[in-house]
Amino acid sequence: MKRWSAKTKLTLLYAAFMVLLTCAALAILFSLSNQEILSSVQSKLREQVEESLEDIEGSEGNLKIDSDFYTLEEGVYLSVYDGQDGEFLYGMIPAGFDAQADFMPDGLQTIKGRNESWYVFDLSFRADGYGEVYVRGITSVTRAENSMRVTLRFALILLPLLAAITIITCYRFIRRAFLPVKKMTETVQKIQRERSLSMRVGLPEGKDEIYYLAATFDNMLEDLEESFHRERQFTSDVSHELRTPVTVILMQCEEILQDPALSEEQRRQTEVIKKKAEEISSMISQLLLLSRADQGRQVIQKELLDISELTEMIVEEQTILAREKEIMITETIEEGIYAAVDESLYIRLLVNLISNSISYGKRGGHTEVSLQQKDGAAVLQVKDDGIGISKEDLPHIWDRFFRADSARSDGSHSGLGLSMVKWIAKEHGGDIEAESVLGEGSRFICRIPLPSKEN
Ligand code: ADP
């Protein structure tokens, strides 16, 4: 029951209620109609017989019967018998009825024929000028029962049909009523999928609670979008403002380091300041890129580049840095792979992956960079035998400011690198995934679709 939608549950509830109601109606109809119809047939029989007495008149030993006596009213056959010997005198007897049936004045009898059952009502009557007569009324029980059965059969078809029509109408009505809820769900799903708060449910003006909820939801989205926008703007402004002082610090450090009169200690201290300023500068540029990306302001200039060559160059540069940690970088690069990429973003992506493999690599370890063409995509892989990432942390490494264990890194990491890498891969129509075993190493696989040969 839990897995069913509210729409289905409501319809089922309604359907169950309708079925119950139909069954109850049919049961009542069955039990009541039998008695009701038969007792109405009996009372009509009595009435007809009693009324017929007015049509009988006796004079000078003869009977005069009015023509009305012979008309079949309410299915009642009327007949007159002699009061002395029970001889049939006038009237109509239905075919199949035993004319010799005993008289039972003022009493109702049920007489079974071969194919039919009959109600028989007799009245003893003294006709002036003739003497005692019996007036007999006969009506068919079987016919009454048959007509009742037809009614019941009709009800048996009509009631469930009515119930089915009501259930279908009800389902359509519920579906319409739930349409705004469906729209709201779709909007939320779209927001999740496209990570954009600019969507709105946008229902036309309505008065019911659901429309009110949708309008409130839209207002909330409006507020959220505005505050997100303000936050992004703030990050972007702060990063921008910080860029100049950091550049000045870097330049000053360079200048100080040029001074030959610098003592060994002063040189070491200035180097530390310079290194930290460089890290801040890199963090600022990552922040700026991400906030511009969020605002859709980051300009991407894709051009068809020989990424095999570019990758080789980057690996070469990084090899020098890796040496400090005695990490060996090997490369397996397929030649002549051309892809439409933004050069500086591609460099950032690969530099990030390689520098991570160095930062989180073990001293004397090994990093493998490979680039291959596979299924219409360039597959770039960076594999290391470093400290690895735990299963729990692995899904979060793409989150901003996430650092698996800040104590493990050398303190120069902001936790922004991989979220930037992911964004770059996505912007190039590709994707990136990571595999890792804690203590054994990690592998980052990035796929960038290649332009089709015809283009
Ligand atoms: P950071 O600036 O901290 O390196 P990243 O976004 O590049 O930020 O990486 C996020 C986290 O993922 C890192 O803090 C680290 O814990 C983990 N990580 C990334 N690359 C590797 C790797 N090659 N080996 C082990 N852990 C890694």
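**Reading rings, a patch and a helix**

Analyst: Let's begin with a charge and a ring: Arg 136 lies over the face of Tyr 81, at 5.6 Å from the ring centre. The rule asks for NZ of Lys or CZ of Arg within 6 Å of the ring centre and within 35 degrees of the ring normal. Lys 422 lies over the face of Trp 398 too, at 4.6 Å from the ring centre. This is a predicted model, where local features need pLDDT of at least 70 and side-chain atom pairs count only at pLDDT 80 or more, while totals for chains, interfaces and linings use all residues. Residues are numbered from 1 along each chain as its sequence is written, and side-chain values use heavy atoms, leaving out hydrogens and water.

User: How many aromatic pairs does the count come to?

Analyst: A pair of aromatic rings is described by the distance of the centres and the angle of the planes. Rings of Phe, Tyr and Trp (its six-membered ring) pair if their centres lie within 6.5 Å; planes under 30 degrees apart are stacked, over 60 edge-to-face, and the rest tilted. That gives six aromatic pairs. One of them joins Tyr 81 and Phe 88: the centres are 5.6 Å apart and the planes at 70°, so the pair is edge-to-face. Tyr 81 is buried at 1% relative accessibility, whereas Phe 88 is partly exposed at 35%. Here buried means under 20% relative accessible area, exposed over 50%, and partly exposed in between (1.4 Å probe, protein chains only).

User: Which residues do ring pairs link into a cluster?

Analyst: The cluster consists of Tyr 81, Phe 88, Phe 103 and Tyr 134.

User: And what about the rings of Trp 398 and Phe 444?

Analyst: Their centres are 6.1 Å apart and their planes at 80°, so this pair is edge-to-face. Trp 398 lies in the loop between strand S12 (377-384) and helix H7 (417-427), and Phe 444 in strand S14 (residues 441-449), so the pair ties together parts 46 residues apart in sequence. Helices (H or I, at least four residues) and strands (E, at least two) are DSSP runs, numbered from the N terminus. Trp 398 is buried at 15% relative accessible area, and Phe 444 is buried at 7%.

User: Now, what should helix H6 span?

Analyst: The expected span is 1.5 Å times one less than the number of residues. For the 17 residues of H6 (residues 343-359) that is 24 Å, and the end C-alpha atoms are 24 Å apart, which agrees. Its buried residues include Leu 345, Tyr 346 and Leu 349.
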